[in-house]
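Dear colleague,

I am handing over the structure below. My notes on it follow.

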Amino acid sequence: MAKRQERANRPALSLHVPEPEARPGDAVDFGAIAVPAAGAAPRPDTNVAAAETHPLCYTLVRVLDDEGKAVGPWDPKLGAQKLRRMLRDMLMVRVFDERMFRAQRQGKTSFYMKSLGEEAVAVAAAHAMDAEDMCFPTYRQQGLLIARDYPLVEMMNQIYSNKGDKLKGRQLPIMYSDREKGFFSISGNLGTQYPQAVGWAMASAIKGDSRIAAGWIGDGATAEGDFHSAVTFAGVYRAPVILNVVNNQWAISSFCGIAGGDLTTFAARAVGYGIAGLRVDGNDALAVYAATRWAADRARANLGPTLIELFTYRAEGHSTSDDPTAYRPKDAFAGWPLGDPIARLKRHLIGLGEWDEERHAALETQLGEEVRAAQKESEKQGTLGNGHFDDVDSMFADVFADLPWHLVEQRDAAKAERQR
């Protein structure tokens with residue numbers, strides 16, 4: 001019988017499982033988050049070597065200070081008209097979200113996801129890019145469509161999956177798609193946007209085109225294999241692409257530490273791949289705009305990709321199927337040190353003398369009327385609760401040139417079932 005190997009008297013190993021600082025019932029404390037002063041981060045030239053940007057992966061690019069003033073080298077010095085348009089688009093996203101959230105609660109659609117607290121992430125980026133650039137978003141960037149003047153009725157048709165839905169009910173309600181607006185089909189599978197964005201950008205470069213691509217994923221998706229494959233390709237081939245990581249602190253019920261957020265910043269992933277990286281205040285519309293424009297200019301100059309971490313906070317649940325009070329303190333967003341993106345841009349415009357409370361209230365009323373009118377028009381074509389889609393043939397179309405026999409049988413059985 002073999003003698004058991006004797007080991008030295010060593011302490012037992014233990015496994016570290018990251019935990020958020022606060023759970024339901026705890027007091028919210030964001031004191032551990034280091035928020036550098038607005039304007040403190042240097043702005044390098046767009047043509048610097050990627051390594052020269054890496055110190056910016058560990059700080060926070062910020063433009064708007066606590067008084068709403070634009071300060072520092074990243075100030076994009078936008079005109080009042082552009083600032084008002086960005087404010088309008090962010091406010092429209094918020095009004096639209098609230099209306100569609102209520103529609104889901106009323107049984108008019110099965111699912112919805114709000115972007116409360118993250119409106120600047122998509123809207124400011126859309127304004128910093130060219131209209132023909134291609135976007136590969138995740139499911140909280142509806143602001144891209146709104147900033148590109150996509151019709152609200154079309155968005156609602158896709159949410160309701162009604163007779164006016166160009167996607168014919170084949171996508172989850174908030175997974176929009178529109179080629180003409182440069183909005184690639186949203187996927188529910190995490191991380192898929194990155195290899196798609198990189199591949200599209202590589203193809204654009206191969207063709208000698210002038211359009212670039214941008215992709216968005218959440219902090220949790222950086223742990224997916226697609227993230228690493230995409231960033232490798234982007235770096236090796238200097239793909240003209242902007243790779244956005246929306247660090248909103250939570251991936252459904254798992255906080256960002258599970259994906260490595262406690263070890264270092266998500267922007268620091270750029271260091272290992274040798275590409276440019278920036279860490280940006282995601283609740284500062286001017287900072288998001290400036291960083292996106294910087295990365296876009298770099299991509300168009302054939303200087304390769306930029307990884308941007310957008311540091312923000314998901315104010316509400318992951319979706320209408322989620323209850324965030326089950327895993328984090330209630331009203332945690334109220335204590336978020338980077339504030340509300342809409343309130344911050346509003347304060348900036350008021351400080352410039354280009355906005356006031358009366359105009360803001362009037363804009364909210366106007367946008368509310370526009371959203372209600374669009375909802376009324378869309379619901380004429382059906383909702384989830386009123387026989388919204390009865391074209392059985394469409395479920396079997398657009399896949400095979402000649403429908404296989406077993407699908408013919410299923411189609412005919414479904415049609416017969418509806419006639420009973």
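Where is Ser 115 found? Ser 115 sits in the loop between H1 and helix H2, the latter covering 119-128. Please keep in mind that this is a predicted model.

Ser 115 has a relative accessible area of 3%, and because the cut-off for buried is under 20%, it counts as buried. Apart from its neighbours within four places in sequence, Ser 115 is in contact with Val 93, Asp 97, Arg 140 and Gln 142. Val 246 is 131 residues away from Ser 115 along the chain, and the two C-alpha atoms are separated by 11 Å.

Gln 104 belongs to helix H1, residues 80-105. Gln 104 is also buried, because its relative accessibility is 14%. A polar atom of the Gln 104 side chain lies 3.5 Å from the backbone oxygen of Ser 110. Setting aside neighbours within four places in sequence, the contacts of Gln 104 are Thr 109, Ser 110, Phe 111, Tyr 112 and Thr 320.

The other element I looked at is helix H9, residues 341-351. Its N-terminal end is capped by Asp 340, with a side-chain oxygen 2.8 Å from the backbone nitrogen of Ile 342. Just after H9, Gly 353 has a positive phi of about 80 degrees. Which residues of H9 are buried? They are Pro 341, Ile 342, Arg 344, Leu 345, Lys 346, His 348 and Leu 349. An α-helix has 3.6 residues a turn, so residues three or four places apart point the same way. The cover over the buried residues of H9 includes H1 and H2, together with strand S6 (276-281), helix H8 (285-300) and helix H10 (357-379).

Now the chain as a whole. Its secondary structure comes to 11 helices and 7 strands. Along the principal axes, the C-alpha atoms fill a box of roughly 90 × 70 × 55 Å. Of the 420 residues, 51% are buried. Among contacts with a separation of 6 or more, 75% are between residues 24 or more positions apart. The accessible surface is about 19,900 Å², and carbon and sulfur atoms account for 50% of that. The chain has 49 positive and 55 negative charges, whose mean positions are 2 Å apart.

Regards

Terms used:
Residues numbered from 1 in each chain as written. Heavy atoms only, no water. Helix = DSSP H or I, 4+ residues; strand = E, 2+ residues; numbered from the N terminus. Buried < 20%, exposed > 50% of the residue type's maximum accessible area, 1.4 Å probe, protein only. Contact = heavy atoms within 4.5 Å. Areas by Shrake-Rupley, 256 points an atom, 1.4 Å probe, with all protein chains shown as cover. Lys, Arg positive; Asp, Glu negative; His and termini not counted. Charge placed at Lys NZ, Arg CZ, Asp CG, Glu CD. Polar contact = N/O pair within 3.5 Å; in protein donor to acceptor, adjacent residues only side chain to side chain.
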